[in-house]
Amino acid sequence: MSIMEMSHRGKEFDAAIKKAEADLRALLAVPDTHAVLFLQGGATTQFAAVPLNLCADPSVPADFVVSGSWSDKAFKEAKKFSAASVAWSGKDGKYTSLPPLGEIKQNPEARFLHICSNETIHGVEFKDYPEPKNASGILVADMSSNFCSKPVDVSRFGVIYAGAQKNVGPSGVTPSPSCARTSSATRSPSRPSCWTTRRTPTTPRSTNTPPCFAIYICGLVFEDLARAGRPRRVRSLMNVPFTLAKGADFEKQFIAEAAKEGMVQLKGHRSVGGVRASIYNAMPLAGVEKLVAFMKDFQARNP
Ligand code: PMP
């Protein structure tokens, strides 16, 4: 049986979702205060579900940093379910900037402050995040287009949500590391029950059938990212040692051919062998680009 044929309540799928959760926790160092949810639908679903869950009724204020098309869409959707207002807008600057973090006009009564961590259309990315100045201390981030691309201090966020399809898996699931205190504010009878989110690690995972296949694939991606991330986190940008899969003879040939093209001192240190490119300050970018082009050419000639 494939994962798509199994019951989502069976122990096999349970193992798959637990593994996906554990790998995402490890990858982003998600603290125990936060549940890891795999929500149905896309990030657009969360544009509505977040205010529906966090604001007990449409009179409750919420702050939005509007830094591009996606946060603007999130703001407009939230207006249907909350008293959302713009705490900062980059519209006049054609969405090419972000506010100095202290300049966001936050409403202390707001239930949450919402940002889009990376504006996919305008190419504007937060490198640091604002502190929520609202009484609940909740910062919400749409991380759809830079989720799992770099370390993030998850403890600073009440809710993170990210449509999976850009960075971590197929569409249809939205991973959402969220703090337990962002559980649905009220269980109003008018709130759609499938979007009423209880964000505690102990609540049942889903009111209805979760997007099992998408979650399974996300799990594989988290595992792969974690594996790749381990060496990458400590990889030196100054000394770049590497080996060739085809062995030491090929390394000799690589070093000799590179020398003919004027790229010298690529032999790895005698204690470890292999190849080493040292990119000290005097090395211009053109030197790195030349080596990269040579490596691609060498690979093509020696498949
Ligand atoms: N937010 C951002 C930042 C996005 O890039 C996108 C998709 N491009 C969305 C939201 C909408 O996502 P979805 O299609 O999953 O609803």
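The ligand is surrounded by G42, A43, T44, W70, C116, T120, D142, S144, S145 and G163. This shell comes from a predicted model. By class, three of the shell residues are nonpolar, six are polar and one is charged. The chain is assigned two domains, domain 1 (11-229) and domain 2 (239-301).

**Domains**
- Domain 1 covers residues 11-229, and domain 2 covers residues 239-301.
- Between the C-alpha centres of domain 1 and domain 2 there is a separation of 43 Å.

**Helices α2 and α3**
- Helix α2 spans residues 43-54 and helix α3 spans residues 69-78; their axes come within 8 Å and cross at roughly 45°.
- That angle makes α2 oblique to α3.
- The crossing of α2 past α3 is right-handed.
- On the α2 side the contact involves F47, A48 and P51, which meet K73, A74, E77 and A78 of α3.
- The residues of this α2–α3 contact comprise five nonpolar, no polar and two charged.

**Helices α1 and α4**
- Helix α1 (residues 11-28) and helix α4 (residues 212-233) have axes that come within 8 Å and cross at roughly 35°.
- α1 and α4 cross in a left-handed sense.
- From α1, the contact is made by F13, A16, I17, K19, A20, D23, L24, A26 and L27.
- From α4, the contact is made by C212, I215, Y216, C218, G219, F222, E223, L225, A226 and G229.
- The contact of α1 with α4 has 14 nonpolar, two polar and three charged residues.

Terms used: Residues are numbered from 1 along each chain as its sequence is written. This is a predicted model: local features need pLDDT of at least 70, side-chain atom pairs count only at pLDDT 80 or more; totals for chains, interfaces and linings use all residues. A residue is near a molecule or strand if its C-beta atom, placed from the backbone, lies within 6 Å of it. Ala, Val, Leu, Ile, Met, Phe, Trp, Tyr, Cys and Pro count as nonpolar, Asp, Glu, Lys and Arg as charged, and the others, Gly among them, as polar. Domain bounds come from an automatic or database domain assignment. Axes are lines fitted to C-alpha atoms, for helices over the stretch in contact, and angles run from 0 to 180 degrees between N-to-C directions. Helices (H or I, at least four residues) and strands (E, at least two) are DSSP runs, numbered from the N terminus. Angles under 35 degrees count as roughly parallel, over 145 as roughly antiparallel, 65 to 115 as roughly perpendicular and the rest as oblique. A crossing is left-handed if the near helix is turned anticlockwise from the far one by less than a right angle, and right-handed if clockwise. Two residues are in contact if their C-beta atoms, placed from the backbone, lie within 7 Å.
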